[in-house]
Amino acid sequence: MTVLSLSGFGVTLRGRPILRDIAFDIGGGELVGLIGPNGAGKTTLMRAALGLIGSVGHSSLAALAPAQRGRAVAWLPQAREIAWPVDVQTVVSLGRMPHMSTGQRMTGADRDAVDSALEQMGLTELRQRTATRLSGGEQARVLIARTLAQETPLLMADEPIAGLDPAHQISTMETFAELARKGRSVFVSLHDLGLAVRHCTRLIVIDRGGVVADGPPRALLSPDLIRKTFGITAWFQDTPEGLVFQPLEVAT
Amino acid sequence: MLRGLAWAAALIWPWAGAHADPSPARVVSINLCTDQLAMLIADTGQLVSVSHLATDPRSSAMVEQARAYPANSGLAEEIYLMQPDLVLAGEYGANATVDMLRRLDVPVLRFEQAYSLDDVRARMIQMGEVLGRQDRAAELVDRFDARLGDFQAEIAARPRAALYYANGYTLGDKSLAGQILTRAGFDNVAADIGYEGGGVLPLELLAMNIPDAVVTGQPYPGASRSEEIMDHPVVSVLRRQSATASVTDSDWVCGTPFVLDAVSQMTDLRQSLTADRP
Amino acid sequence: MTRLGLILSLLVLALFGAALVVGPASIGPVDSIVALIGGDGGASTLVVREIRLPRAILAALIGAGLGMAGAAMQGYLRNPLADPGLIGISGASALGAVIALQTGLAVQSGIGLPLAALTGALIGVLLVLALAGPRGSSLTLILAGIAISALAGALTSLVLNLSPNPFAANEIVFWMMGSLADRSMAHVWIAFPLILAGTVMLATLTRGLDALTLGEDAAEAMGLRLNRMRMILILGTATVVAGSTAVAGAIGFIGLVVPHILRPLVGARPGRLLWASALGGAAMLLASDLAVRILLPARDLKLGVVTALVGAPLFLHLIHRTRREGL
């Protein structure tokens, strides 16, 4: 089952081509990490794939009607915005909006989805708290819980673990991995190559406006790719604890 | 020093300059009411200019006569260049102009406003003295008195009337308009409620007092929210009940003999009201 | 209906009743109600039906409209300082109304006045949104508001000064501060359709405003049609403000104060705040108009004076808090 399909896909902003000739599919049960240096266009790729900005070529999500899209994909933007001092469960409940028609009240299924999302992000205790008074990390988790409550086949998140402490970074990646094991798909952009390599089932590397590598981490990573794309050297090895990746120094 | 003394004298005895020469030769009026009194009383050639309001039919009862005089807009430099030996002004307003003219040693005389028909008489006599035209003034006063006497005839029933202007403004007995009403045989509703001079009469109070006639002001061109109240349904109902719509005009504005035309107009209204009654 | 809704509704009803009973003509409460319902055509009936009733209806209508418009603007811009009066929409609408009145457009056609007020309000909203950007930062929003208010105020003054009517020139205070004194049913019929249409439009935004709590991107990805929502917001706000301003002048701060007070009571949800603010706005304007009538009955104290006395300190507090939070 394909949850996102891009082909011949490109984005031009203010007359400058940012991305071109992008083509890949994301199937069910995948945890796909989108990596690339600053300015490679990770956010642009995700927003364009969602149809939030104009693009050329085909994106299966951008082609959907707005109401359908809300049930096909949950999107977590990088800017963690909670505009009003609402409580945590209200924020998470917003994720149910695409499943409810105007004026409809939450059903039992909606409530279950919210409860389970709160549970997964360890927020059950905080559900009555005012979201805007929580710490930055807690707010990030609340917003992730909102996307979980949306219960879509695909979850797209733009740097969801930036600014979290190590424990919450790892638990968030494990939550995503768990979703993937249950058959849903997650498409995340991230800068932490160590976490990307360790948790993702597949990595898509973009640089200079195109996909430069796409595949499982083990098959994909090479000293050459790391040097060319990120301009660094790194140590990586398959260990009994799994694949370990440690950036070393800026390549000269 | 001399200038200062002259200025002080002008303050105490404003037409001190004019007093030396009993009849000033070049008189300029910058007030609508003094315009009209001066036009009525001044000798040929004595009055040099009247205010531009004197030619406005909404406020002036002497538009035709006023056209014969150059109009001024009441600005000090304009007046000064006319080289008047007396400037006539009203009781209120034009403060900056009057102060400036006095600093320039131009004698200015402020005429008090007329609040009653007796005041009208007094102003005519005063204007006669100021212009050295006592005989002409006496002649006008005699005519005024004679005509006023005609209105003193028996008044059988006194209907109740209210004056109602923009912003709900009304006038009580201590006002020229109030006196016109009373003299024409009406009871003034505002005076009954306790208004002496002018004041805002809430629409509700007007409605509760059910006057026999509501006399409103003349609407100006262009719209204003202040005047909208005169078209309020309540006022319309009250005016419909009285079956006569009456409007105050330029005869009501100043303390001149023309107020008798207003008294006459209101007397007609009263007679038509009492005649309608069973 | 929630408890809050019930309490607010009762408050509005009570204030509406008070508005029918209080006035310079001393008609007792019972007599007032009898005069309203029975109506023997006497003076009391005239007072209650033709003077107090339209005034009370207008206060409730305009208050509800402005309260809701304020809540909607704040929700959309995610900024608690957005009030149609403060950001210049009312001023622009007043300019439209004054132009219609002074050019005679309002006399030529019954819809001249509301249409001109609507045009002014629309220009005002479009200008504010264009200047403040999609997520109105406090600074740009307030600066845009100051600029638009100043320009609209100056042009309104100019039009009034050019009027051949000597009274018109002194009426800038009415247009800037607003008043319900001596309004009649004729004014209700101008305001009612506009405010009704505007509130109906704004009421459709509840879901979208809730979703916008998460930002435009997240909301749009959840299926919100942002462009459509912006259109409805612009039209709805302009329509409400036009209906209010055309008959009562620019009344400020209702859309600022009411949502601010009610926000904690609805769990800060912008959607629920819409209806609560409509009821709260009606209550606030009815109360303000009662205050105007009771405090200085003979002076035609302007409504905007009362709402500003309540609202301006709150506005200052909000600006202070906004700065502290570095928004």
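**Stop 1: where B meets C**

Select chains B and C: their contact takes 24 residues from chain B and 25 residues from chain C, where two residues are in contact if their C-beta atoms, placed from the backbone, lie within 7 Å. Before going further, note that this is a predicted model, in which local features need pLDDT of at least 70, side-chain atom pairs count only at pLDDT 80 or more, and totals for chains, interfaces and linings use all residues. Residues are numbered from 1 along each chain as its sequence is written, while chains are lettered from A and ligands numbered from 1 in the order in which they are written.

On the chain B side, highlight strand 9 (198–200), helix 11 (203–209), helix 12 (225–228) and helix 13 (233–242), each of which supplies at least two residues to the side touching chain C. Helices (H or I, at least four residues) and strands (E, at least two) are DSSP runs, numbered from the N terminus. Helix 11 of chain B has the largest share, 5 residues. Colour this side of chain B by class and you get 15 nonpolar, 6 polar and 3 charged residues. Here Ala, Val, Leu, Ile, Met, Phe, Trp, Tyr, Cys and Pro count as nonpolar, Asp, Glu, Lys and Arg as charged, and the others, Gly among them, as polar.

**Stop 2: inside chain B**

Between them, 21 residues of domain 1 of chain B are in contact with 17 residues of domain 2 of chain B. Which helix of chain B gives the most to the domain 1 side? Helix 3 of chain B does, with 5 residues. That side of domain 1 of chain B divides into 12 nonpolar, 5 polar and 4 charged residues.

While you're here, find the open sheet of 4 strands in chain B, ordered 8-6-10-11 with parallel pairing; two strands pair if DSSP finds at least two bridges between them. Strand 8 (187–188) and strand 11 (246–247) of chain B are its edges. Zoom in on B:Thr216, which stands opposite B:Val247 in strand 11 of chain B.

**Stop 3: a helix pair in chain C**

Select 89–103 and 112–132 of chain C: these are helix 4 and helix 6, whose axes come within 7 Å and cross at roughly 150°. Axes are lines fitted to C-alpha atoms, for helices over the stretch in contact, and angles run from 0 to 180 degrees between N-to-C directions. That makes helix 4 of chain C roughly antiparallel to helix 6 of chain C, a label for angles over 145 degrees. Show side chains in the contact, including C:Ala92, C:Leu95 and C:Ile99 of helix 4 and C:Ala116, C:Gly120 and C:Ile123 of helix 6. By class, this contact has 14 nonpolar, 7 polar and no charged residues.

**Stop 4: chain A**

Finish on chain A, with an open sheet of 6 strands in the order 5-6-7-3-8-9 and mixed pairing. Its edges are strand 5 (73–76) and strand 9 (210–215) of chain A. Strand 6 (154–158) and strand 7 (185–189) of chain A pair in the parallel sense over 5 bridges, with A:Leu154 opposite A:Ser185.

How values were computed. Parallel < 35°, antiparallel > 145°, perpendicular 65-115°, else oblique.
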